[in-house]
Amino acid sequence: MGPSLISAKATEELVLKPAARDYFKELGLRTFINAAGTYTSMTGSLMQKEVTEAITYGATEYVNLDELHDKVGERIAELLECEYATVSSGAFGAMTIGLAGVICGMDTKKVSQLPDTTGLKNEVIVQEAHDIAYTHALINTGAKIVSVKSAKDLEKAINKNTAMLWYLNANTDLGEISREDFVALGKKHGIPTFIDCAADVPPVENLFKFTKMGFDLVAFSGGKGIRGPQSAGLLLGKRKYIEAARLHTPPRGTTIARGMKVNKEEVLGMLVALELYLGRDHEKEWELWENQIKLISDSAKSVKGVETEIHVPPHANHVPSLKIKWDESIVKISKDDMRKALRDGHPSIETVGNKEEVGITTWMMDPGQERIVARRVKEILENA
Ligand SMILES: *Cc1c(COP(=O)(O)O)cnc(C)c1O
């Protein structure tokens, strides 16, 4: 038997026993405990069994893509008590197609014209404190960002080219204009409003709150707190804008969003993840996270010179979170080296942080992993 035959046989065996394969190991990749949060670089969140089952189910049959999106859009709208919805390619994709829908309406000639916005409304007004990297999703359409500070500036900036007003929920406390005033300004001037709530579940109420508040469009990430497919998202709101947004998405091809495809597997996965999320015992989950954070905090604090702070960010990643700090003249390791030691250890643990602190959340962990994290944190600090 020649070597190529052996390897062909080995390959066949591997394909026949997929559950036995450790794909990441085969590729030479280390997996890790996610003590950081829902970071794209760390592949977001983990899908529950029901979600991966829906994805596997979807992979075995053909359906008409538009009909699937129609049905799932209706179902999500019903679940979230809003006019209409669609599964997008992440919150970022929701922003691009949402704005494209606002700019072009149901005019397919305009749809194929983008990203050339000649003759179309092409300005999006954003508060300066909200003008973060993700506004790139908006300029992908060909539109440009007009940055303002006060409500007065915003009204002055409105002109015949203003397409939309965009609000970043995560930075609610940094801008001068409240969400309610923002919506009111949009209504006063007849301009649609969009709120980016990508990382804003929990609380679960946020899935309902902003469409009810009057925002015309609302975007959530599918693969953050909802734990759906990491490359999926939700666009919620007014039917006329979402139907228009869909004109930019596959199967249609002469469009800016042909590459933002969401196929049946992710559509089903997103729907099931949302159903699961809505049905969860949110209070119990919160209590679990609090206990996990306290365990890690107590473990870290038991080392002399170490201080901890438990906090909950008010908007975005609104979960019990831990900051660990220490006096580096007593505990002789830098924050970066501590994070590296956690990453390089067994098992590998990913955290967040800066020169001042190491940051930990537990909501993306499998229950039980908090004990490993608590032990490793203490071990490294003690031995520093
Ligand atoms: C994560 C995030 C996005 C991008 O969301 P995806 O679902 O990854 O496309 C956009 N805006 C904000 C504020 C985010 O936190």
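Two notes for every view: residues are numbered from 1 along each chain as its sequence is written, and side-chain values use heavy atoms, with hydrogens and water left out. As the model is predicted, local features need pLDDT of at least 70 and side-chain atom pairs count only at pLDDT 80 or more, while totals for chains, interfaces and linings use all residues.

**Close-up 1. The shell around the ligand**. The residues here are G90, A91, F92, Y134, L168, D196, A198, A199, S221 and K224, each with a heavy atom within 4 Å of the ligand. Helix α5 (residues 90-104) gives the most to this shell, with three residues. Helices (H or I, at least four residues) and strands (E, at least two) are DSSP runs, numbered from the N terminus. Sorted by class, the shell has six nonpolar, two polar and two charged residues (Ala, Val, Leu, Ile, Met, Phe, Trp, Tyr, Cys and Pro count as nonpolar, Asp, Glu, Lys and Arg as charged, and the others, Gly among them, as polar).

**Close-up 2. The largest pocket, where the ligand sits**. The volume of the largest pocket is about 960 Å³. Of its 43 lining residues, T38, Y39, A199, K224 and N317 are the closest to its centre. On a 1 Å grid over the protein atoms alone, a pocket is an open set of points with protein on both sides within 12 Å along at least five of seven lines, a cavity is a set where a 1.4 Å probe fits but cannot get out, and lining residues have an atom within 4 Å of a point. Grid points are joined across faces, edges and corners, and a volume is the space filled by probe spheres set on the points. Helix α5 supplies the largest share of the pocket lining, four residues. By class, the lining splits into 19 nonpolar, 19 polar and five charged residues.

**Close-up 3. The largest cavity**. The structure holds three cavities of 30 Å³ or more, and the largest has about 90 Å³ of space. Among the residues lining the largest cavity are H69, T86, R246 and M260. Strand β2 (84-88) and α5 each give two or more residues to that lining, with the largest share, three residues, coming from β2.

Close-up 4. P202 and P203 are joined by a cis peptide bond, with omega about 0 degrees; P203 is in the loop between β6 (193-196) and α10 (206-213). Another cis peptide bond joins H346 and P347, with omega about -5 degrees. T43 is not a glycine, yet has a positive phi of about 70 degrees.

Key:
Sits in = over half its atoms within 2 Å of the grid points.
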